[in-house]
Amino acid sequence: MIQEGVSLFMSLIKRYNVENNILKHFIKFYWFMESDSEISIDNKLLPVNNTDIIINYSSPVTYEKNGKPVIPDRVHFNGIRNRAEIIRQSGKVKVFGISFYPHGIYPLLKVPLNNFTGKVEDLCSVLGNFSTLIADIMADNSVSAEERICKMEKIMLEEMDCNCLGNEERRIFETFYTSN
């Protein structure tokens, strides 16, 4: 039986806090959505001022942007949405996401964010092996989600460019690396 509805969609999402004090300045939260049975997602995503990295371990997701379907790669990110769009996915669902503050993904991408406004981009095309590495870490079900997030946070810190941070963020970043 295929279950439908926005309340089901939202009830499948579990949020996780950002543990690293540096990353708390850049990432709002992590989220994980998984279903044990087949579902059908057909929801409207409203404009928001954050970007998300999405790692999809299930059937392809389709975004409808300006009436045209966009089927992204398994590891992709959504730029800041400036208009509503539709998301569709059917089957058993297993998706991990990282929700960044509006400025938060910049030190990782090192590319002006206005290049991605309203777009869905393959993360590998921007960050290369990083996307495969985090996808592999988050796929490891032999450890808890919290342990996987901790490993991923360390890799994100190594990948981030401290030089594109503001003075306060740079001070926190440098203090972290000299004390650890």
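The model is predicted, so local features require a pLDDT of at least 70 and side-chain atom pairs are counted only at pLDDT 80 or more, whereas totals for chains, interfaces and linings use all residues. Residues are numbered from 1 along each chain as its sequence is written, and side-chain values use heavy atoms, with hydrogens and water left out.

Six strands form an open sheet in the order 1-2-9-4-7-10, with antiparallel pairing. Strands (E, at least two residues) and helices (H or I, at least four residues) are DSSP runs numbered from the N terminus, and two strands are taken to pair if DSSP finds at least two bridges between them. Strand 1 (13-16) and strand 10 (120-122) lie at the edges; each has a single partner strand, so one side of each is left without a neighbour in the sheet. From one strand to the next, the twist averages 25 degrees; angles run from 0 to 180 degrees between N-to-C directions, and axes are lines fitted to C-alpha atoms, for helices over the stretch in contact. Strand 1 and strand 2 (residues 27-34) run antiparallel and are joined by four bridges. Opposite Tyr16 stands Tyr30 in strand 2.

Two helices pack on this sheet, contact being defined as heavy atoms within 4.5 Å. Helix 4 (residues 129-139) touches strand 4 (51-56), strand 7 (75-78) and strand 9 (94-100), and its direction makes about 60 degrees with that of strand 4. Helix 5 (residues 145-159) touches strand 1, strand 2 and strand 9, and its direction makes about 45 degrees with that of strand 9.

The axes of helix 4 and helix 5 come within 9 Å and cross at roughly 165 degrees. The two helices, helix 4 and helix 5, are therefore roughly antiparallel to each other, a term applied to angles over 145 degrees, with those under 35 counted as roughly parallel, 65 to 115 as roughly perpendicular and the rest as oblique. In their contact, Phe130, Leu133, Ile134, Ile137 and Met138 of helix 4 meet Arg148, Ile149, Lys151, Met152, Ile155, Met156 and Glu159 of helix 5.

Strand 5 (residues 62-65) runs antiparallel to strand 6, and three bridges join them. Tyr63 has Val70 in strand 6 as its bridge partner.
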